[in-house]
Amino acid sequence: MTDILMPKATAVWLVDNTSLTFDQVADFCGLHPLEVKGIADGEVARDIRGADPIANGQLSREELDRAQANAKYRMTAQKSRHAELLKPVKKAPRYTPVSRRQDRPDAIAWFIRNHPEVADSQIARLLGTTKATIDQVRTRSHWNSAQIKPVDPVTLGLSTQMELDAVVKKAAEKKAKDDAKRGIVDGPTLEPASETGVAKAAPDVHEAEQPHYDDEDGDED
């Protein structure tokens with residue numbers, strides 16, 4: 001059976017506008033018969049507006065008439081003409097204007113220098129470049145290596161600040177998780193030295209210069 005759009009809204013319409021049994025409506029909409037009964041009793045989908053499956057191309061009038069004439073008949077849904085419009089669209093590769101394409105190596109160099117934790121695949125998606133180009137910049141085998149200078153992609157107009165922040169944050173979180181799994185901890189503590197026991201009170205200068213006497217006569221050691 002073809003999955004229908006808005007099953008509950010469709011069930012509401014069928015309950016209100018046809019003589020189909022609860023089982024027939026449930027079978028067509030992919031719901032449980034008790035759920036359809038709840039719709040009929042006003043206990044379920046009370047605020048949902050009915051959706052006409054004939055009008056939106058999911059059910060033919062002939063199919064509905066057959067089902068209403070035979071309680072054992074199970075309707076077959078048609079492919080809705082609206083279904084294609086509601087399908088998730090695969091995100092196309094980022095398009096970079098020709099005038100900006102020569103700036104991508106500079107942005108790649110910026111990532112390599114400032115955020116080595118960001119994966120090449122993330123850089124490629126953000127900048128609309130390839131892993132091969134990233135590797136060429138990293139190994140300085142790029143044809144224009146002498147002219148490449150690190151510049152952040154926001155300044156170059158290759159991404160927004162929000163997009164850049166999201167990529168860097170995601171990479172940082174992944175690195176933290178990977179480090180935790182390997183038992184790697186952060187560097188030296190940032191606590192004040194006085195609290196870590198590193199700093200010790202220095203001897204008072206005047207006290208250090210005072211001669212030490214160990215008898216009552218005042219003889220100096």
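A residue is called buried when its relative accessible area is under 20%, exposed when that area is over 50%, and partly exposed in between, as judged with a 1.4 Å probe and protein chains only. The structure described here is a predicted model, in which local features need pLDDT of at least 70, side-chain atom pairs count only at pLDDT 80 or more, and totals for chains, interfaces and linings use all residues. Residues are numbered from 1 along each chain as its sequence is written, and side-chain values use heavy atoms, with hydrogens and water left out.

The chain contains twelve helices and zero strands, where helices (H or I, at least four residues) and strands (E, at least two) are DSSP runs numbered from the N terminus. Of the 221 residues in the chain, 30% are buried. A contact requires heavy atoms within 4.5 Å; among contacts between residues at least 6 apart in sequence, 61% join residues at least 24 apart. The chain exposes about 15500 Å², of which carbon and sulfur atoms supply 52%; accessible areas come from the Shrake-Rupley method with a 1.4 Å probe, and for residues only the protein chains shown count as cover.

Attention now turns to charged side chains. Side chains of opposite charge can pair when their charged atoms come close. A salt bridge is taken to be a side-chain nitrogen of Lys or Arg within 4 Å of a carboxyl oxygen of Asp or Glu, and the count by this rule is eight.

One of these salt bridges links Lys37 and Asp41, whose closest N and O atoms are 2.9 Å apart. Lys37 is partly exposed at 38% relative accessibility, and Asp41 is partly exposed at 43%.

Helix α10 spans residues 161-182, and within it Lys174 and Asp178 lie four residues apart, a separation of about one helical turn. Their side chains meet in a salt bridge, with an N to O distance of 3.0 Å.

What distance separates the closest N and O atoms of Asp179 and Lys175? In this salt bridge the distance is 2.9 Å. Asp179 and Lys175 also belong to helix α10, four residues apart, or about one turn of the helix. Asp179 is buried, at 12% relative accessibility, while Lys175 is partly exposed, at 43%. Salt bridges with shared partners join Lys175, Asp179 and Arg182 into one network.
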